[in-house]
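Visitor: I would like to study a structure by asking about its parts. Please show it to me.

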Amino acid sequence: MRKARFFPKIYIVLSLLFLYAPIFVLIAFSFNESKSRAYFTGFTFKWYKELVQNEAIMSALFNSLLIAFLSSIIATVMGTIAAIGINSLSRRKRGFVMNLTYIPVLNPEIVTGISMMLLFVFFKQLMDLPLGFYSLLISHVTFCLPYPILNVLPKLRQMDPSLYEAALDLGCPPLQSFFKVVVPQILSGIVSGFLMSFTYSLDDFVITYFTSGSGFSMLPVTIYSMVRKKVNPQINALSAIIFLLVLALLIGMNIAEAKKAKKE
Amino acid sequence: MKRAISFLLSAVMLFTVAAAFSSCGSSGEEKAVLRVYNWGEYISDGSEDSLDVIEAFEEEYNVEVIYDIYATNEEMYTKIKSGAVDYDIVIPSDYMISRMIEEDMLEKLNFDNIPNAQYIMDDFKNTDYDPNGEYSVPYTWGTVGIVYNKTMVSEVPDSWNALWDEQYAGNILMFSNSRDAFGIAQKLLGYSQNTTDEAEIRACADLLKEQKSVLQTYVMDEIFDKMEIGEAALAPYYAGDAVTMMAENEDLNFVVPNEGSNVFIDAMCVVKGSEQKELAEKFINFMCETEIGKANIEYICYSTPLQNVYNALDEETKNNPIIYPDEELLSRCESFVNLPEETNLLIQDLWNEIIVE
């Protein structure tokens, strides 16, 4: 391989710095002894200790993770099934359904948020069903649903349909041939659809804000609510932990892939 | 891959089961539930060895408290008005309380359950927002003034004009919320902060537009960093927060301009239709206990409207003229009351124009 020239190297370093500098500053200040975000007065772990003891933030984190997990799993299952259905539609019908799928993605979040809130308030008055876990789960599944569809559909179109037919010809029952033949080929689409849903659900603010009820608070809304007074450094500590976890996950996935590639 | 997926699935199952159990655990004991809606970072929460007020209340009355937070009065109002949430206690600011009273969103309090209301200082008994003191018990208060860096200004900025001064161009910060920003322009022009006169409001908007050329930016809590690090010379903000900033940077000081200013009061109210009205009143009473009130005030750094809490504070705080200004200064200050809908809309429209331009 030819050696990269000087300029491109600098350019890459600068771009990465631009992306990551804010995160590094944030992590650095999570170890700051004073509450100031301006001066570094000494090294401490106390914000981490307080974060673990802070029931409000920890329960908001737990709620956010719970909703993100459940809604992305439900959305992935529903979306994969929907994608298979859409794939076997005629061209015109498929175009129509795909346009419907795009609407939630293109629709401003605030419109989705307010309309879902109105719907849930209607249910609340009708059946005395307070907003909370269920309304958040439904709204998160709703806005996550397009992502698995959009990720799985291209994989299905790349797939050779005769493989599935061959499995049927050789006497494999439809359900089993779906799991043994179709799923392995679209798995990467399913996984990326799941991961996209998960991240969108975890950091959604607008829709969460409108559809949450009392007693079930989610992390982004909790953090936002601290802006009148100064945002607590415990939030820095929390962000540092989340960043490291995501980093570890990515490195782990890369290593696993590299190992797999070596085997093959 | 398969392994990874089955691992993921089982993790989720565990998660769900744990969640189901934890919700069972709390409902099994059939405790009364009180729902409190408060500003973020606005109660002593047990961090840094402070008292955990919510936990103390739960233990004393053997109840469960659901505690949620909001960032602005308008956010809290929208949530409650929409009917999406049910809370027993809210802690709005003055003008929002008068709006909620007008719209019949608050319950009248039964003061038999709030004996500690006797400690409310006279200044906070018959306020503009709640003339007969029937709906609210004050929680905190404070003035709005100018935080400034002594090394960056040539003289004490004791007039709001300083925020328009060319010589500080690029070093001035401004409120990013419309009511506070208009309040400053109104004081500078000698109008009431509660004016409904369209010509006066438009004059204020013109003044605020003019100010844009000397401003660094519009801020809310970023002001802490910018002032502490010396990145700006002047900024209007709340007195209690100014004290927090001054603790970080000794070059900072705070002054309430001569034209007068705004004094805000945040007060505890019970939401209309609360199913736990008596418990809510007991909570309000609990918040006014000397020890509890002291812990909250020390955490928030704002001023207390309660005599018993004030007496329990340390001498340095009690005599701090920034947190507890004298009568003469307070007589120059005004508090917000609710404005008619069309005035609110006008201010909001004009403000959007100013920000966007």
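Visitor: Is the crossing of helix 3 of chain A and helix 7 of chain A left-handed or right-handed?

Guide: This is a predicted model, in which local features need pLDDT of at least 70, side-chain atom pairs count only at pLDDT 80 or more, and totals for chains, interfaces and linings use all residues. Residues are numbered from 1 along each chain as its sequence is written, with chains lettered from A and ligands numbered from 1 in the order in which they are written. A crossing is left-handed if the near helix is turned anticlockwise from the far one by less than a right angle, and right-handed if clockwise. For helix 3 of chain A and helix 7 of chain A, the crossing is right-handed.

Visitor: At what angle do helix 3 of chain A and helix 7 of chain A pack?

Guide: Helices are DSSP runs (H or I, at least four residues), numbered from the N terminus. Axes are lines fitted to C-alpha atoms over the stretch in contact, and angles run from 0 to 180 degrees between N-to-C directions. The two axes lie 8 Å apart, and the angle is about 40°.

Visitor: How many residues of chain B are in contact with chain A?

Guide: Two residues are in contact if their C-beta atoms, placed from the backbone, lie within 7 Å. On this basis, 32 residues of chain A meet chain B, and the number in chain B is 30.

Visitor: Which helix of chain A gives the largest share of the side that touches chain B?

Guide: Helix 3 (55–87), helix 5 (109–127) and helix 11 (219–224) of chain A each supply at least two residues of that side. The largest share, five residues, comes from helix 3 of chain A.
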